[in-house]
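Thanks for coming. Please have a look at the sequence and the model on the screen, and then I will go through a few parts of it.

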Amino acid sequence: QVQLVESGGGLVQPGGSLRLSCAASGSIFSINAMGWYRQAPGKQREFVATIMSDDITNYADFVKDRFTIYTDNSKTTVYLQMNNLKPEDTAVYYCRVEGRNSGTAVFGSWGQGTLVTVSS
């Protein structure tokens with residue numbers, strides 16, 4: 001069983017910054033990719049950013065040059081540094097981790113979500 005624990009959400013003013021964290025634990029053999037998605041009420045969940053095991057990153061166009069995704073040294077915690085936040089960034093942000101569990105089966109797990117609200 002893989003557990004993802006998210007933190008870092010909150011209320012910020014436009015132009016402000018937040019850093020989201022997602023720590024993975026449990027029956028993990030290897031992690032292939034870690035990333036972030038977000039979902040606003042009434043909207044589809046959308047891709048934000050990913051980082052692969054070789055440290056290659058990918059960003060949605062609407063966050064490029066504002067957000068940075070990175071991992072800790074163990075590569076079991078993924079962060080999303082969000083700068084120059086805009087009201088349209090308001091959403092529940094979900095961590096996503098994909099890899100193989102201890103039984104070598106592939107897995108994909110979601111975090112519980114953390115709410116980011118950008119408002120004056």
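**Strands, core and loops**

I start with a pair of strands: β3, residues 18–26, and β8, residues 77–82, run antiparallel and are joined by six bridges. Within that pair, Leu20 has Leu80 of β8 as its bridge partner. A word on terms: strands are DSSP runs of E with at least two residues, numbered from the N terminus, and two strands pair if DSSP finds at least two bridges between them.

Before going further, the ground rules. This is a predicted model, in which local features need pLDDT of at least 70 and side-chain atom pairs count only at pLDDT 80 or more, while totals for chains, interfaces and linings use all residues. Residues are numbered from 1 along each chain as its sequence is written, and side-chain values use heavy atoms, with hydrogens and water left out.

Back to the strands. β3 and β8 belong to an open sheet of four, ordered β1-β3-β8-β7, with antiparallel pairing. Which strands stand at the edges? They are β1 (2–7) and β7 (67–71); each has a single partner strand, so one side of each has no neighbour in the sheet. From one strand to the next, the twist averages 15 degrees, the angle being taken between N-to-C directions, on a scale from 0 to 180 degrees, of lines fitted to C-alpha atoms.

Next, the core. A nonpolar core is a set of buried Ala, Val, Leu, Ile, Met, Phe, Trp, Tyr and Cys residues joined through side-chain atoms within 4.5 Å. Buried means under 20% relative accessible area, exposed over 50%, and partly exposed in between, with a 1.4 Å probe and protein chains only. The largest such core here has 30 residues, and Trp36, Leu80, Met82 and Tyr93 have the most contacts inside it. Among the elements giving two or more residues to this core are β1, β3, β7 and β8, as well as β4 (28–39).

Now the loops. Most residues other than glycine have a negative phi. Asn84, in the loop between β8 and β9 (91–101), has a positive phi near 50 degrees. Thr104, in the loop between β9 and β10 (106–110), also has a positive phi, of about 65 degrees.

Last, Pro87, which is in the loop between β8 and β9. Leaving aside neighbours within four places in sequence, Pro87 is in contact (heavy atoms within 4.5 Å) with Pro14 and Val118.
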